[in-house]
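Let's walk through this one together, starting with the chain as a whole and then zooming in on a couple of helices.

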Amino acid sequence: MNMTPENIGRDEIEEEPTKKIKNGTLSVLIVDDDESTRKLIKAMLHREGYHLLEAPNGLEALEQARAHTPDLILMDVMMPQLNGFETCRRIREDPMMAEVPVLFITALSDQESRLRGIAASGDGTARACDVQVLGVDGR
């Protein structure tokens, strides 16, 4: 089935089993201000059985991450209110979230943006990832 935002129903997403890690569910926080991009990433990961959380901006991502401590954060770089680099920096400052891997999902391909992403992680765990890797064509 071709996954597009229009053919993804909430009921469909909530009914599938989730992958287990130890005694819990492997969770992924998807952070992007573009709803259609979030839906596409969510659809791809849902098929794999992950528990998915989402946030439309960096401020809400911080709230979601503090409340749920996800196993992975997939985050856009260019967002209003709080960009992905600053959000990642704040995540690294919080002892409860400091070890959560952050993967930047971005169309930015210049070396400076990639280096800023790695620097924002504080410990090198954030990696820049082209949207094509996830099969999402961006905006």
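Of the 139 residues in the chain, 44% are buried (under 20% relative accessible area, with exposed meaning over 50% and partly exposed in between, for a 1.4 Å probe and protein chains only). Keep in mind that this is a predicted model, where local features need pLDDT of at least 70, side-chain atom pairs count only at pLDDT 80 or more, and totals for chains, interfaces and linings use all residues. Residues are numbered from 1 along each chain as its sequence is written, and side-chain values use heavy atoms, leaving out hydrogens and water.

The chain has five helices and seven strands, counted as DSSP runs numbered from the N terminus (helices are H or I, at least four residues; strands are E, at least two). Read from the N terminus, the order is α-β-β-β-α-β-α-β-α-β-α-β. As for contacts (heavy atoms within 4.5 Å), take those between residues at least 6 apart in sequence: 66% of them join residues at least 24 apart.

Now look at helix 4, residues 84-93, where Gly 84, Phe 85, Thr 87, Cys 88, Ile 91 and Arg 92 are buried. These residues sit on the same side of helix 4 because they cover an arc of only 160 degrees around the axis, taken from the directions from the helix axis to the C-beta atoms. At the start of helix 4, a side-chain oxygen of Asn 83 comes within 2.9 Å of the backbone nitrogen of Phe 85.

Over in helix 2 (residues 35-47) you'll find Thr 37. Thr 37 counts as buried because its relative accessibility is 2%.

Terms used
A polar contact is a pair of N or O atoms within 3.5 Å; within protein, one must be able to donate a hydrogen and the other to accept it, and residues adjacent in sequence count only if both atoms are side-chain atoms.
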